Amino acid sequence: MTCYVLRGRKGDMLIDTGIPLIYKRLIEYINPYDIRYILLTHAHTDHDGNTARIWKELNAEIFLGERDRELVGHFERQPVKATSSRYRVRNIQQNVCGRMRMFSSAPYTPDILLGNDRNILREYGFDAELIPLPGHTLGSVGVFSEGVLYCGDAFTAIWGKPDITPHAVAPAAMARSLKSILELSPEWLATGHGLPVKMSEARLVIRKYLLMHRHQLK
């Protein structure tokens, strides 16, 4: 998975913390920055797995979508569904593995719970807008800054190309979030898996998915 740093006037923000396996490399990556905040796009262990450890190391404040608070360390509280028939087997594996303690994140307590206030990040010194992106999880959020949407798993490039994320807790909500991304029309999508992709390359993929799932937009 992919983590990002957003520079701010009152300190910098780490967006997602990855799995424990990357902890050493993550610390090396963020070392040049003044990390005062951690924003989690959602509370799946591949995105929040190092949060408790980094919080202890840096005493950074943690931002998390309010509806994901119940999800911290408890994947089973929001079981995912396949977004396409080709992901049905993968989806079963996801739900089974997600219930195993070895795939659970160490517990942490969010300092700031995020809802629908899009301007909240400006209060903390960031030229950025909070974008609610429910669907992959109920509390998924993104950050829009300088033409880039840090979108977590609302969209993906996990296989090296733009694609729809394989799983969603609420597929209809995810479809509406994808529609919101089209309307926002950022220049880049900084996805939670893979390298950032140009919106010009992602747009056709999103439109095709929404056309096939247009009933979910009603």
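This is a predicted model: local features need pLDDT of at least 70, side-chain atom pairs count only at pLDDT 80 or more; totals for chains, interfaces and linings use all residues.
Ile158 sits in the loop that runs between β9 and β10 (167-168).

The largest nonpolar core has 22 residues. Inside this core, the residues with the most contacts are Phe155, Leu178, Ile181, Leu189 and Ile206. β9 (148-152), α5 (171-184) and α6 (199-212) each put in at least two residues. A separate, second core counts 20 residues, including Met13, Ile15, Val141 and Ala190. In soluble globular proteins, nonpolar side chains tend to be buried together.

What does Leu189 touch, leaving aside residues up to four places away in sequence? Its contacts are Leu149, Cys151, Phe155, Ile181, Pro196, Val197, Met199 and Ala202.

Now for the strands, starting with β8 (residues 141-145). All of it is tucked away: 5 of its 5 residues are buried. Val141, Val143 and Ser145 are on one side, with Gly142 and Phe144 on the other, and both faces are covered. β8 runs antiparallel to β7 (residues 129-132), with 4 bridges joining the two, and Ile131 is placed opposite Gly142. β8 is also antiparallel to β9, this time through 3 bridges, with Val143 facing Tyr150 of β9. The β8 and β9 hairpin has 2 residues between its strands, and Glu146 there has a positive phi near 50 degrees.

β2 (residues 12-15) is buried on either side too: Asp12 and Leu14 point one way, Met13 and Ile15 the other, and all are buried. Met13 and Ile15 also turn up in the second core. β2 pairs with β1 (residues 4-6) in the antiparallel sense over 3 bridges, and Leu6 stands across from Met13. These two strands make a hairpin with 5 residues between them. With β3 (residues 35-40), β2 pairs in the parallel sense over 4 bridges; there the bridge partner of Asp12 is Ile35.

Back to backbone angles. Most residues other than glycine have a negative phi.

| Residue | Where | Phi |
|---|---|---|
| Gly11 | turn of the β1 and β2 hairpin | about 125 degrees |
| Glu146 | hairpin of β8 and β9 | near 50 degrees |
| Asn59 | loop between α3 (51-58) and β4 (61-65) | about 55 degrees |
| Ser185 | loop between α5 and β11 (188-191) | about 50 degrees |

Are Asn59 and Ser185 exposed or partly exposed? Asn59 counts as exposed, because its relative accessibility is 59%, over the 50% cut-off. Ser185 counts as partly exposed, because its figure is 38%.

Terms used:
Residues are numbered from 1 along each chain as its sequence is written. Side-chain values use heavy atoms; hydrogens and water are left out. A nonpolar core is a set of buried Ala, Val, Leu, Ile, Met, Phe, Trp, Tyr and Cys residues joined through side-chain atoms within 4.5 Å. Buried means under 20% relative accessible area, exposed over 50%, partly exposed in between (1.4 Å probe, protein chains only). Contact means heavy atoms within 4.5 Å. Two strands pair if DSSP finds at least two bridges between them.
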